[in-house]
Amino acid sequence: MKSVYFFNEGDGSNKKLFGGKGAGLAEMTKLGLLVPPGFTITTEVCNMYYANGKKLPRNLMSEVKKNIAKIERKAGKKFGSIENPLLVSVRSGAAISMPGMMDTILNLGLNDKTVIGLAKKSNNPRFALDSYRRFLQLFGKVVFGIDDKKFVQVLEKAKHAQTVQVDSDLNEESLKQIVSEYKAICENHLGKPFPEDPYNQLELAIEAVFRSWMGERAVVYREKYKITKDIANGTAVSVVTMVFGNMGNDSTTGVVFTRNPGDGTNKVFGEYLINAQGEDVVAGIRTPQPIDNLAKELPKTYAQLMKTCEKLEKHYKEPQDIEFTVEQGKFYMLQTRSAKMNAVGMIKTSVDMVKEKLISKDRALLRLQPEQLDQLLHKTIDTDAAKNHPSIVKGIAASPGAATGVVVFDVKKAAKMGEDGVKVILVREETKPEDVPAFFASVGILTSRGGKTSHAAVVARGMGKPCIVGCSDMKIDYASKKFLVDTKTVFEGEVITIDGSDGQVFLGEVPTVEPKITDDFRTILSWAEKTKRLGIRANADTPESAKLAREYGAKGIGLCRTERMFNARDRLGLFVEMIMTRTVGERKAVLEKLMVLQKSDFKEILKVMKGHHVTIRLLDPPLHEFLPNIEELINKVHSLEKQNDSNEIDSTKKILERARELAEINPMMGHRGVRVGITFPEIYEMQIRAICEAAAELSKEKVDAHAQIMIPQVGNVTELNNIKKIYDKIKSSVESKYGLKLKINFGTMLEVVRACLTADEIAKVTEFFSFGTNDLTQAVFSFSREDAESKFLPEYLEKEILTENPFQSLDVNGVGSLMQIAIARGRSVKPNLEIGICGEHGGDPNSVKFCHKARLSYVSTSSHRIPIAILAAAQAALLEKSEKKFKSKTKKPRRR
Ligand code: PEP
Ligand code: MG
């Protein structure tokens, strides 16, 4: 097995073996772009390293040495030479880009002797010393695990002593002092001398990069983005000749996106720093210049950069995120990868690239991540209301959207508070890769330093979290846990709002507005609509959410939970009154009043959804859920007794008595759904009548209403037959009352295991099925959702006993298999039976893909997730198309 590939031997399409970085460097080398000579150690070696108990394979270093010799020939420099030393960077890179999550070492090969050679050769001792101190710091931190603060303190002390602001102003004397202190830090930590031999350094660095694959931030990142082993298994290591952007004013380094990642505009976007190394741009230590300025400062370089961007986009058919360095006028490419953009950027570039004929519509849909659309479906600052909330400071808008939360400065504290459900805005001077767990837990990020390509900006954009960077007027005092702007002091724990779309920071909570669907977004949804096979419906219980669902493209309602209507303020009292009744007669009298209300609710919703199906589920929860809890009632009785309020005492005691009667040991499996309908038939009678009459009245008003009546918790066809009798009777009585034929269907949820297994019997009585995968998942796993999520599921996920929360993403092997049995059995009786899904999984992209394959008729999800489901359904159809194409291509020709 070949473990090391020189760039010209690599394969740009094999990211799994070479990592994204290695593949990109190989591809650019093949494209004829100037890439510093180097080689890539494959991800297979990383796996061997772990399989060997964290030891490098025995022959690896001899392979590495052969390839270093090749670099030496190409670069005309020698590793460890005192005259003309070769320095290299050692870079991580997995199949999937994980920006900043793993480690990289720069300037490797420097030691007390080679630094003199570098000084002579470059004719720039300051530059050589500066490179050396950078190397020692990074090597100490990454390879030996020394706390970075120790190095930063030395650097800050030196700047203070020399009275300079930025490190590029440090003189030779200061740098010499820093180098010697850095070495002392390393040697104190190690208890032995710093490794001077470049090969020894290289071996240690390769190991450290492999180790960083299992580092905390990389592991957290993979968990959050569901990067499983089949997507990316291990990191590759690329060893690249160092080129220097810090060799004077004709040298520069920069990071650019071929299109703007914030809004997708087709204009090169990014930043550069003259006389600096790449880490300065990314770390946000010095504020870089916008790339447009380069046209004036270094016009030849700018022209080369523009040409390179064009070439790479044409080649990859995808906007690129590139790193370049110019060493004394010579332009080198250090990296190219697909640009991570927010949802606005992704959508605009998808539409634009189709218009430019760079990609097809299918590709435009496939390159989008459905989950990312969520960013567009959330609120932004209400600019009118914001006028009453003066902004306290402005920074650089780095990732759009609004977020309100409490200020937290400490990274660990932010992570903990966020995980506990507190809305946190992480406020830092700058952020580092190890801060990423706090990003996940925060609703927004605010930094006082850095530009649009700083670490904070890149990571927040990737996550779609609002972010402001470079807010230089904000002075942070970590020790006193506060920041100062002008004359205002904001302490940790105070609420602020940040607007990542224009960089404004506000004190307190600023009102926000619902998002608008842009023209580009509509275009994408219309392409997806034409591509998908699955129907998309909404889970909506109010006319407002039904309207929103229509606007987002839902064609119908897959689940209207009627109990939500009973929970509304003006209904709850009546519903409780109904529960308190002791005779059927009393109950019917209260239900009569409730019917009027329900009928008008149903009419409203059916009107909004005219022309489309509206699936209305009859009452599902157990009755005691509508009463106050027993403990609360006991306390109320005690306090009323103290006040001697005899009237209220009596009524509260009655409610307490009823609550005790209705209490259940396991309500999830208790007296609910159809079981309530059978034991209190007057409740279902009322609801069925309300639906039938609403439909009949709308029909008279010439509104095209299509109600579907859905029975929950059915496990047995006899249960259903019992309700069907009631339904048939009421339906025909309403039909004769109004003199018309109703367009109503009768169906059931499939959320009880037995119902799935007897779906053929059940299909005979029903016109549709809808999988209630929330309850079905509980039943298949024997997990109670609330208990699972609050008690053991997090640990199950951490220990990888489960790879996904089955309540979020459908458990295809278990619950999915049961669904397939039910589908097959149901359709064996009625081949065209409408079968949908209305559990939470209906809005999860992977679950939607399963539903497409299982040939469901539709998925139903909350209004805000409709566009996500539409796109996921389109992608499922496209994937099926390409799988079919692949199969027909690989089919063996028949023998004659
Ligand atoms: C379900 O069980 O999937 C469902 C939609 O019903 P609910 O969540 O209301 O129990
Ligand atoms: Mg259910």
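Buried here means under 20% relative accessible area, exposed over 50%, and partly exposed in between, with a 1.4 Å probe and protein chains only. The structure is a predicted model, in which local features need pLDDT of at least 70 and side-chain atom pairs count only at pLDDT 80 or more, while totals for chains, interfaces and linings use all residues. Residues are numbered from 1 along each chain as its sequence is written, chains are lettered from A and ligands numbered from 1 in the order in which they are written, and side-chain values use heavy atoms, with hydrogens and water left out.

Helices (H or I, at least four residues) and strands (E, at least two) are DSSP runs, numbered from the N terminus.

A polar side-chain atom of Glu-751 is found 3.0 Å from an oxygen atom of ligand 1. From the backbone, a polar atom of Asn-774 is 2.7 Å from an oxygen atom of the ligand, and an N or O atom of Asp-775 lies 2.9 Å from an oxygen atom of ligand 1. Of the 290 Å² of accessible area that ligand 1 has on its own, the protein covers 88%. Such areas come from the Shrake-Rupley method with a 1.4 Å probe; for residues, only the protein chains shown count as cover.

Attention now turns to the protein interior. A nonpolar core is a set of buried Ala, Val, Leu, Ile, Met, Phe, Trp, Tyr and Cys residues joined through side-chain atoms within 4.5 Å. The largest such core has 129 residues, and Ile-711 and Phe-771 have the most contacts inside it. Helix α27 (residues 681-700) supplies the largest share of this core, eleven residues. Another core, of 92 residues, lies apart from it and includes Phe-6, Cys-46, Leu-110 and Ile-185. Beyond four places in sequence, the residues that Ile-711 touches include Leu-618, Tyr-684, Phe-746 and Met-749, where contact means heavy atoms within 4.5 Å.

Arg-587, in helix α23 (residues 584-608), is buried, with a relative accessible area of 9%. Leaving aside neighbours within four places in sequence, Arg-587 is in contact with Met-578, Thr-581, Arg-582, Phe-680 and Glu-682. Pro-36 occupies the loop between α1 (15-30) and β2 (38-41) and counts as buried because its relative accessibility is 0%. Among the contacts of Pro-36 beyond four places in sequence are Phe-7, Val-240, Tyr-332 and Leu-334.

Strand β16 (residues 402-408) holds Thr-404. Beyond four places in sequence, Thr-404 touches residues including Lys-423, Val-443, Thr-497 and Val-510. With Thr-497 there is a polar contact between the two side chains, at 2.9 Å. A polar contact is a pair of N or O atoms within 3.5 Å; within protein, one must be able to donate a hydrogen and the other to accept it, and residues adjacent in sequence count only if both atoms are side-chain atoms.

In helix α34 (residues 845-853), the buried residues are Pro-845, Ser-847, Val-848, Phe-850, Cys-851 and His-852. They pack against α33 (812-829), β32 (834-837), β33 (858-862) and α35 (866-890). Just after α34, Arg-855 takes a positive phi of about 60°. Lys-702, which is not a glycine, has a positive phi of about 65°; this residue lies in the loop between α27 and β29 (706-711) and counts as exposed, at 76% relative accessibility. Ser-782, likewise not a glycine, has a positive phi of about 60°. The loop between α31 and α32 (785-798) contains Ser-782, which is exposed, with a relative accessible area of 61%.
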